[in-house]
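Biologist: Could we go through this structure together? I would like to discuss its packing and its aromatic rings.

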Amino acid sequence: MARKADSRDNSYKEEFDYLVERHLKIAADLNRNEDLPGIEKLLGSLFDELKEILHGAYLVREVSPKTLDFIQSFGEKLSCTIITYTMQKRGIDCEYLDASKLIKTDDNFGNAKVNEKATYNKIKRYFSRRKKLQIITGFIASTSDNEITTLGRGGSDYTASIFGAALNAKKIEIWTDVDGILTADPRKVKNAFPLPSVTYEEAMELSHFGAKVIYPPTLLPALKKNIETVIKNTFNPEFPGTRIIKREQSSDMTVKGISSIDNVTLLGISGGGMVGVTGIAGRLFTALARYNVNIILISQASSEHSVCIAIPPAMGKISVKAIEEEFKLEIMEGKISRVSLEENLSVIAVVGENMRRTPGIAGRVFQSLGKNNINIVAIAQGSSELNISLIIDRKDITKALNVLHNSLLKTRKR
């Protein structure tokens with residue numbers, strides 16, 4: 001609706017009417033058409049506010065990031081209002097809480113950074129005076145000037161983690177639509193199975209490399225307070241799900257999961273003028289940072305002759321421009337070759353804390369791929385040995401995931 005209003009597309013009004021109709025129908029269905037004037041009045045005030053801001057956007061033909069955050073906040077407000085009202089009508093002693101009144105952030109609209117100290121203090125003070133069950137909006141927060149912000153992808157799970165950490169909860173449950181964290185993407189690997197438990201570090205590695213069930217920011221508040229987080233399936237509530245814990249006492253699994261980023265571009269910078277020269281890497285990363293380039297993976301030869309960097313495809317051209325600007329003199333003098341750009345690649349990450357104590361895992365990974373004629377373009381492994389990352393041709397991604405899963409996790413059953 002916001003984008004349509006921004007472009008003076010009158011059909012945003014039809015979208016708005018459908019939004020109203022849909023929410024009122026849900027409210028009626030949940031409350032068996034009983035005492036609807038009460039919920040209609042509560043929702044009506046929210047609809048009026050939303051309608052006004054959309055009309056304003058339509059008139060001025062502008063939806064700034066700040067305005068978009070405000071508009072997006074209504075999804076959580078509407079759904080939590082309906083749930084709170086419905087639960088109250090069924091005899092549950094609860095109340096609605098707008099999280100933006102307690103979670104304080106900077107003004108980076110769209111992906112705001114939480115002021116942890118101010119937020120935790122507000123949450124503790126609020127709950128010290130409240131005994132009722134709280135139905136809390138996710139995803140939304142506010143600046144110190146009380147302007148609405150949003151917390152980015154996974155923002156609702158992040159909200160749960162923030163409240164859990166502030167209140168020193170014993171456990172945080174994240175309810176989703178799968179049976180927990182799986183060993184691989186089941187859409188690509190049919191033998192993928194849910195993991196009973198993973199450590200925070202393993203979960204972060206898997207989520208960074210494409211496991212969308214949970215996002216890294218969600219875990220940070222719980223990790224700092226050493227709070228167990230459980231991923232559960234809304235549609236299969238009896239299933240135990242996956243426990244995310246600080247440290248496992250014992251596990252018979254060397255590799256916990258194989259994750260991937262399907263589409264990446266590889267930047268290559270090389271030249272004899274890089275060898276033994278202090279500050280090359282620093283200049284390279286600073287140049288990319290100026291253009292807000294997100295670096296997915298880094299691989300550097302010990303000779304210091306070349307550096308490879310995996311980035312999102314959309315950032316390929318701007319990255320080349322940034323590097324050529326920074327190293328203009330070195331390129332002119334022939335000390336550094338022109339920047340290469342290789343597209344249609346994928347990253348695979350093999351993750352498991354027990355890999356660091358098990359010889360031969362890297363050998364099994366490379367051997368499995370080699371036997372199946374899958375070429376490795378670049379390799380990266382951190383000193384923690386928690387993650388072995390490989391760049392391969394994009395066309396081989398599904399085959400490679402299945403080959404590695406069968407080789408490293410084939411002894412496990414669903």
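Modeller: What follows concerns a predicted model.

Biologist: Let us begin with the nonpolar packing. Which residues have the most contacts inside the largest nonpolar core?

Modeller: They are Ile181 and Ile244, in a core of 58 residues. Helix α13 (residues 397–409) contributes the largest share of this core, 7 residues. Apart from it lies another core, of 22 residues, including Phe16 and Phe74.

Biologist: What does isoleucine 181 touch, not counting residues up to four places away in sequence?

Modeller: Among its partners are Phe193, Leu206, Ile231 and Ile244.

Biologist: Turning to the rings, how many aromatic pairs does a search of the whole structure find?

Modeller: The search finds 5.

Biologist: Where do phenylalanine 70 and phenylalanine 74 lie?

Modeller: Both are in helix α4 (residues 65–89); they are 4 residues apart, so about one helical turn separates them. Phenylalanine 70 is partly exposed at 22% relative accessibility, whereas phenylalanine 74 is buried at 1%.

Biologist: Which charged end sits over the ring of phenylalanine 74?

Modeller: That of lysine 77, 5.0 Å from the ring centre.

Biologist: And serine 197: is it buried or exposed?

Modeller: Serine 197 is buried, because its relative accessible area is 10% and the cut-off for buried is under 20%. Serine 197 belongs to strand β6 (residues 197–199). Leaving aside neighbours within four places in sequence, serine 197 contacts Thr242, Arg243, Glu248 and Lys256.

Technical notes. Residues numbered from 1 in each chain as written. Predicted model: local features only at pLDDT ≥ 70, side-chain atom pairs only at ≥ 80, totals over all residues. Heavy atoms only, no water. Helix = DSSP H or I, 4+ residues; strand = E, 2+ residues; numbered from the N terminus. Buried < 20%, exposed > 50% of the residue type's maximum accessible area, 1.4 Å probe, protein only. Contact = heavy atoms within 4.5 Å. Core = buried A, V, L, I, M, F, W, Y, C linked by side-chain atoms within 4.5 Å. Phe/Tyr/Trp six-rings, centres within 6.5 Å; stacked < 30°, edge-to-face > 60°. Lys NZ or Arg CZ within 6 Å of the ring centre and 35° of its normal.
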